Amino acid sequence: MDSNDYNKLLKDINPDWSYKETKYLFDLAKRYDLRWAVIIDSYEYVPDEDEIKVKKEDEDKVDDKEKSKDDEKKETKTYTPRTVEDLKDQLYKVSSKLLNSKQDDGVVKDVALIKALDSFDKNKEIERKKYLNRLLHRAPTEIAEEESLVIEARKFELAAKKMLMERAQLLQLLDSPQSSAPIHQFLTSSGLTQLYNTLMTVDKSKKRKTEAPVAPQLGPNAIPYTQQLAKQQAAQQQAQAHKQQQQGGSAANSHHNDKKSQKQQHQQQQKPQSEILKLLQSRLTPEEMEVYGIKFHEEKVQAGVYLRSQKIVTFKPAVQSKVVEILNELGISMRLTMPTGAVCSKFDKLMHRIASLVDLKKQTDKIEAEVTLMKRQKGLL
Amino acid sequence: MASSSSTAAPQVYGADEVNAVVLDPGSFSTSVGYAGYDCPSMVFPSHYGEVVDGKGEKKRLFNDSFLHTSRENMKIKPILKNNIIIDWDGAVDQYNYMFKQMGVNPEDQPLMLTESTMNSYKNKEKALEVFLEQENYCAFYAVKQPTCVAFAHGKATCLVVDIGHDLITVTPVVDGFCLRNQVIGTNYAGAFLDQQLKQFLEDKNIDIVPQYRVKSKNTMYWENKESKPQFETKHYDYKIDNSVDEFSKLRVFQEMKETVLSCSLDDQAEKVPDADKDKMDVDYDEQRYFELPNGLNVPFTDAEANKIANSLFRPSDVLGNGIVKGWEEPHIGNIIETIGTADDKSSKLYVPLRRTKRPEEEEKEKDKDSNVDAKASNGADGSGKVKSEPCGLTKLVQTVLERIDIDWKPQLANNIIVTGSTSLIPELNKRLYEELSILNPSMKIRIQSVGNTVERKYSTWIGGSILASLGTFHQLWVSQAEYKEIGADRLIVNRFR
């Protein structure tokens with residue numbers, strides 16, 4: 001295009017720019033591949049005489065500034081040296097307009113490019129550079145301040161995180177006893193101790209799970225794999241037994257549950273029974289076994305010789321005296337006349353039941369006392 | 001020799017078997033070699049000796065060995081000044097001599113010439129004429145020296161600080177292109193140090209006697225102004241020209257600079273001798289002795305050595321007390337104006353515009369003390385007068401950094417390359433780094449310089465060698481045919497800006 005076309009179409013983008021200058025700019029941009037640093041460095045456009053004259057008339061400026069060196073302000077010069085932003089502005093605007101106007105050439109309009117070109121804002125660019133400048137020239141005090149702020153913020157973050165974690169842990173801790181069950185029993189002092197004890201056992205059992213000592217898998221003390229498996233199974237079943245204990249609830253039923261669980265254990269367990277036992281069980285009926293006195297000891301049996309009567313269960317002295325009282329009422333003596341196996345086990349059972357009865361009585365007494373107390377407090381409601 | 005910028009043989013880069021010749025003229029020495037090698041084959045001083053025959057014919061002599069011996073009727077003349085060739089006849093002769101020694105065949109091998117960023121249009125024209133027409137090289141290219149340095153260090157964008165003999169220049173290089181109008185430099189360089197050393201010796205009443213005048217010598221230590229060296233003078237029948245003496249002094253100064261000088265981090269005031277301390281208690285470890293060709297050992301204390309080396313950073317210190325001869329006029333760094341061809345045409349149109357740009361540049365070079373305020377992109381400061389404060393090295397670098405566009409500044413600050421033989425002064429890099437870091441607390445300053453002495457001295461040549469051996473460079477050569485077709489003018493404007 002020549003200068004006429006330019007003056008018609010593109011002059012209004014920026015009246016400061018002549019056709020020649022724009023062409024020069026485009027040439028430079030092409031040669032240096034849009035590397036603005038180099039372009040602005042080698043930008044040496046000089047306007048022709050007539051251009052200057054025109055400008056002089058237009059703007060009505062006085063001096064020919066190119067000759068005097070005493071000027072201070074750029075604005076008074078007829079030809080303003082271009083800044084990078086000026087160049088970019090002109091180039092992008094003109095390109096955008098040219099690209100837009102190329103209509104039915106068969107060339108697809110690169111809309112994205114045109115949009116990008118249009119979005120160039122000279123003032124924003126100058127602002128951005130000012131910001132960058134300020135950023136790069138911060139005084140060391142500012143930098144130090146910023147760094148200290150960052151460190152503090154990080155500290156706060158960590159502290160907040162820690163607090164959240166602790167809170168979660170606390171909630172977890174508080175959640176362990178089921179809040180759905182009535183909590184009144186835990187409001188009394190005895191209830192509280194009971195709660196504490198339950199929690200402790202829970203905790204202990206938990207710990208036992210995690211702290212199960214693992215047998216060495218390698219080395220001279222390693223146990224063979226099959227034995228490891230057996231150990232694992234044993235540990236699992238013990239844990240289950242304890243679980244069932246807890247599910248039972250109060251300590252009074254613990255013995256019952258103990259027996260129950262033992263039976264279940266026995267059923268679940270696939271103890272490697274010796275062949276002899278298997279043989280005996282298959283051949284003999286239970287009555288025959290009783291006649292022959294064959295007994296399978298599931299509980300732990302102490303080594304050595306001892307008298308059965310020495311191993312009768314005893315309790316704490318306070319409980320024991322009450323148990324004895326009850327026995328007296330029942331008309332049974334403490335000493336067994338004939339401590340056979342069956343007799344002893346039955347006696348054992350009896351003792352346990354009496355003990356739990358005593359315990360229950362104690363508790364009911366306590367609760368009744370507290371009930372009356374509360375009633376009185378509330379004024380005989 | 002392991003070098004950080006080692007180049008493989010040209011074949012690796014897919015180039016032809018063409019071995020280009022790389023020629024790097026400098027104010028002190030000129031280096032020549034084949035491209036693809038990692039150090040120049042020949043290094044000659046940038047002077048020649050002109051001898052007038054008995055017949056009255058002038059003959060030129062090159063090469064170290066010739067120049068440092070005395071000869072009847074020989075005058076030594078410089079070829080380059082301020083990195084720009086001033087004596088073309090001598091230059092051409094020298095190059096031919098060197099090429100002959102190397103066995104260069106112009107018709108087969110292209111020539112790559114390195115030039116200063118301030119090289120004049122006339123010089124470029126002359127270069128093209130000489131090499132393409134006169135010497136008949138098949139192809140030619142002129143590359144800017146900072147560009148070469150950048151490539152030698154493997155960086156496309158960097159700030160090249162070249163501390164040479166005549167000049168210190170600081171040039172920003174972006175993407176391989178030198179930003180010519182942002183180049184700043186002073187003449188407080190190697191020659192400045194030479195002059196200071198000279199005055200130092202003169203103050204002590206010491207004469208530098210060139211090697212060839214010494215027949216035999218005895219070691220003698222300088223103690224006071226009355227000390228006289230003990231040596232036998234060689235007598236010559238003929239008169240030896242002054243220029244020959246001066247030239248060989250250059251060699252002495254070079255050695256002195258290499259061995260004695262060292263920068264220090266802070267500017268120590270001259271150590272005031274303690275009133276109580278007896279002079280005999282002076283710690284002799286602090287003094288270093290330098291032996292002159294005539295056997296006289298000159299003592300240099302650390303303070304004195306530091307003072308001279310530090311003058312690179314603060315020339316005002318040295319200039320304030322006594323004038324360094326030849327450097328009376330303080331140089332503020334606008335090297336383009338003083339040395340370069342400011343009014344030169346680099347485009348077809350005549351450029352009166354340059355002069356209007358000058359006041360701006362001068363204003364920017366004013367003494368801006370440390371705490372940097374926010375700056376507008378064109379910081380006009382009010383008065384058009386120039387403060388004549390001589391620019392030290394740090395200030396030069398700082399000025400360039402300040403003027404450069406903000407987009408490039410962090411990248412340039414992070415890639416500062418220090419090169420040039422005078423930069424081998426110990427602690428110079430360290431001091432530069434410390435001072436720049438203080439002035440720019442928020443920018444990451446990184447100074448890079450090759451450790452290897454040879455590479456530091458000849459990085460420009462090495463860069464040219466790398467460039468000429470690149471496969472992708474081969475399309476850039478200007479062939480004779482092209483020269484004849486297009487003509488020098490357009491070539492210079494377009495290709496060798």
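Guide: Helices here are DSSP runs of H or I with at least four residues, numbered from the N terminus. Keep in mind that this is a predicted model.

Visitor: Why does A:Thr22 count as buried?

Guide: Buried means under 20% relative accessible area. A:Thr22 comes in at 4% relative accessibility, so it counts as buried.

Visitor: Over to chain B. Why are α2(B) and α3(B) called oblique?

Guide: Helix α2 (residues 88-102) and helix α3 (residues 121-134) of chain B have axes that come within 12 Å and cross at roughly 40 degrees. Under 35 degrees would be roughly parallel, and roughly perpendicular runs from 65 to 115. The two helices, α2(B) and α3(B), are therefore oblique to each other. The crossing of α2(B) past α3(B) is right-handed.

Visitor: Which residues make that contact?

Guide: From α2(B), B:Trp88, B:Val92 and B:Tyr95; from α3(B), B:Asn123, B:Lys126, B:Ala127, B:Val130, B:Phe131 and B:Gln134. Sorted by class, the contact between α2(B) and α3(B) has six nonpolar, two polar and one charged residues.

Visitor: And how many helices and strands does chain B have?

Guide: Chain B has 17 helices and 22 strands, and 55% of its 497 residues count as buried.

Note on methods: Residues are numbered from 1 along each chain as its sequence is written. Chains are lettered from A and ligands numbered from 1 in the order in which they are written. This is a predicted model: local features need pLDDT of at least 70, side-chain atom pairs count only at pLDDT 80 or more; totals for chains, interfaces and linings use all residues. Side-chain values use heavy atoms; hydrogens and water are left out. Buried means under 20% relative accessible area, exposed over 50%, partly exposed in between (1.4 Å probe, protein chains only). Axes are lines fitted to C-alpha atoms, for helices over the stretch in contact, and angles run from 0 to 180 degrees between N-to-C directions. Angles under 35 degrees count as roughly parallel, over 145 as roughly antiparallel, 65 to 115 as roughly perpendicular and the rest as oblique. A crossing is left-handed if the near helix is turned anticlockwise from the far one by less than a right angle, and right-handed if clockwise. Contact means heavy atoms within 4.5 Å. Ala, Val, Leu, Ile, Met, Phe, Trp, Tyr, Cys and Pro count as nonpolar, Asp, Glu, Lys and Arg as charged, and the others, Gly among them, as polar.
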